[in-house]
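Subject: Structure handover and notes

Dear colleague,

Please find the structure we talked about just below. My notes on it follow, beginning with the contact between the chains and then turning to the charged pairs elsewhere.

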Number of protein chains: 2
Amino acid sequence: MFQFEELQQQFDKHFSHRHFPAAPASLYDPCEYFLGLGGKRIRPVLCLMGNELFDDILPDAFHVASAVELFHNFTLIHDDIMDKAPLRRGKPTVHALHGEPTALLSGDVMLVVAYEELNKVGSSHTRDIISIFNRTAKEVCEGQQLDMDFEQVNTLSLDQYLHMISLKTSVLLAASLRMGAILGGAGEGNQELLYEFGRKLGIAFQIQDDYLDAFGDPEKFGKQVGGDIIANKKTFLMIHALEAASESRRHELRQLMAENPADKVEKVLAIFRECGIEEWARSLKDQYLKEAFEHLEDIAVWSERKEPLKRLAQYLVQRDK
Amino acid sequence: MFQFEELQQQFDKHFSHRHFPAAPASLYDPCEYFLGLGGKRIRPVLCLMGNELFDDILPDAFHVASAVELFHNFTLIHDDIMDKAPLRRGKPTVHALHGEPTALLSGDVMLVVAYEELNKVGSSHTRDIISIFNRTAKEVCEGQQLDMDFEQVNTLSLDQYLHMISLKTSVLLAASLRMGAILGGAGEGNQELLYEFGRKLGIAFQIQDDYLDAFGDPEKFGKQVGGDIIANKKTFLMIHALEAASESRRHELRQLMAENPADKVEKVLAIFRECGIEEWARSLKDQYLKEAFEHLEDIAVWSERKEPLKRLAQYLVQRDK
């Protein structure tokens, strides 16, 4: 059994080659540039870990893991266009460097290359894996659309946000685990338990993400702390604050969002704290993590095989960057 | 053996159902809207004809044909964003109606649904078919990128334009035929001949397209005649005129393109005519059609099986709309 960091290295070794033809460079160099920005490679490693939970890692798992990572990067390139984001991992985004048309096409061709990786899978389960991949890809698009739709609405319930986040973030983590598990020979029941583990872990992960954006250490976080507040994003924290705050504080929050004063971040954070939001977020996160671990517990394999996943889950929801 | 129109009807019957889930409507209704704009369905029918050239049409051919049509529509939605086109088939484009972010996502999810169709193919040749589909998808993206790159250059050779058009337009026609032929049990040699038939037919088709844009009958053409001239697009006609015209006429052409006077279209058309461009275009088109027919001739099946393809090819390069 390998720990996350070891599998991360194994995946990087497999993945760090040129994925695109040389010409036309105007299309393919931006693709290589974006993949070169790196990232934690969580999703592909989850695929490998899903495989290893049940059996030794097969070569096919690296193809599926690569497809997942290419798909994830395709969504990031297109999300950056939609969000008009200038930076990704501290570097200029593809559209900032090459314009929106080229960024759009680079994303498109990266999705095609993800499917090329899937077409290398030789397993007898290939059709099932592609079917999960496709369903998940659609769900991620749905999540992104709902995220944009929600920017236009005034009030958002926690349930609506959970549904959107589940689609936009969690299902890809969950599906990565499940596709690996299928390659490892897992039965339907174990697959579903692992999927639910991943889905709930993904929600806990997003709570941590929203939390760090507001309360993270600027030295470690690497992004502008308070970015979500400045952009008026409806996060776990903001949705809860709008539900839990007193009438006058709610009014104040709405005014801060409408007027964008210079001291907006510190004023919003003060209201967040007044609502006891740090504790609320921690308890919500712990609840999802607890449920995730219960699903993992129920999977019918030796307990020691689950250790790397447990360790990774703890890291993902406690990370400070 | 069926003629094009009959297969068009069969395909329409198979294809005219809802392809996307109901929710979120903000993502999927634009997809359905765009598919509902119709079109001649040339590519999917070529897939059916490629199959029938060698054997009775298999149910799998309809899945591949649907994937091809969904892919083609995905490229149109994204091309319209890149070209900032307000209209498609006389109706508002997706981004004109719903904004660029939703149009981008609608295209993305349509590509995923194309792969869902491919995942329904049960043939033992599935991997080969998906491999051709993927290679072609990449080439179409390359063609679109080259088309955008060429907007920035001053002079373009006929060879460069042919290469770009081959990628952007011809390879999908050629691949549609070939994927159908694979399902029909064609051998490698026959597949390649049919592919080359499709590729050269595609070039003849594009020559006709460029010709109609300049010299078509406005009543029949359905688009603004002279649109390419107004947009300074480098077409077969413009590239040849810049090569064949006298020094002074070439200078005049460049000036018309730079200054965009009100009588630009008629002045450019006058220079085109002076260069004998109508005859040149007809002869170039005939040459590609002739070569296409020679490839078709060489395919080792009974001559009568080739009749529907011959008839379709004649129609495509002689159409007046």
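Across the interface of chain A and chain B the rule finds two salt bridges, a salt bridge being a side-chain nitrogen of Lys or Arg within 4 Å of a carboxyl oxygen of Asp or Glu. In one of them, the side chain of Lys138(A) meets that of Glu116(B), with 3.2 Å from N to O.

Before going further, please keep in mind that this is a predicted model, in which local features need pLDDT of at least 70 and side-chain atom pairs count only at pLDDT 80 or more, whereas totals for chains, interfaces and linings use all residues. Residues are numbered from 1 along each chain as its sequence is written, chains are lettered from A and ligands numbered from 1 in the order in which they are written, and side-chain values use heavy atoms, with hydrogens and water left out.

The interface

Between chain A and chain B, 14 residue pairs are in polar contact, both residues being at pLDDT 80 or more; a polar contact is a pair of N or O atoms within 3.5 Å, where within protein one must be able to donate a hydrogen and the other to accept it, and residues adjacent in sequence count only if both atoms are side-chain atoms. On the side of chain A that touches chain B, at least two residues each are supplied by α2 (25-36), α4 (59-83), α6 (100-118) and α7 (126-151) of chain A, with helices taken as DSSP runs (H or I, at least four residues) numbered from the N terminus. The largest share of that side, 14 residues, comes from α7(A).

The contact takes 40 residues from chain A and 40 residues from chain B, where contact means heavy atoms within 4.5 Å. The area buried between the two chains is about 3400 Å², of which carbon and sulfur atoms give 64%; this is the accessible area (1.4 Å probe) that two parts lose on being put together, summed over both. In chain A, Leu105(A), Asn119(A) and Lys138(A) lose the most area to chain B, together 18% of what that side buries.

As for symmetry, chain A can be laid on chain B by a turn of 180° and a shift of 0.0 Å along the axis, with an RMSD of 0.0 Å, the copies being superposed by least squares on the C-alpha atoms of residues with pLDDT of at least 70 in both. That is the relation of a two-fold axis. Since 100% of the interface residues of chain A are also interface residues in chain B, the copies meet through the same surface.

Other salt bridges

Over all chains, a search of the whole structure finds 46 salt bridges. In chain A, Arg273(A) forms one with Glu278(A), the closest N and O atoms being 3.6 Å apart. Arg273(A) counts as partly exposed at 48% relative accessibility, and Glu278(A) is partly exposed at 25%, where buried means under 20% relative accessible area, exposed over 50% and partly exposed in between (1.4 Å probe, protein chains only).

In chain B, Glu247(B) forms a salt bridge with Arg250(B), the closest N and O atoms being 3.4 Å apart. These two are three residues apart in helix α13 (residues 247-259) of chain B, and so are separated by about one helical turn. Glu247(B) is exposed, with a relative accessible area of 58%, whereas Arg250(B) is partly exposed, at 23%.

With best regards
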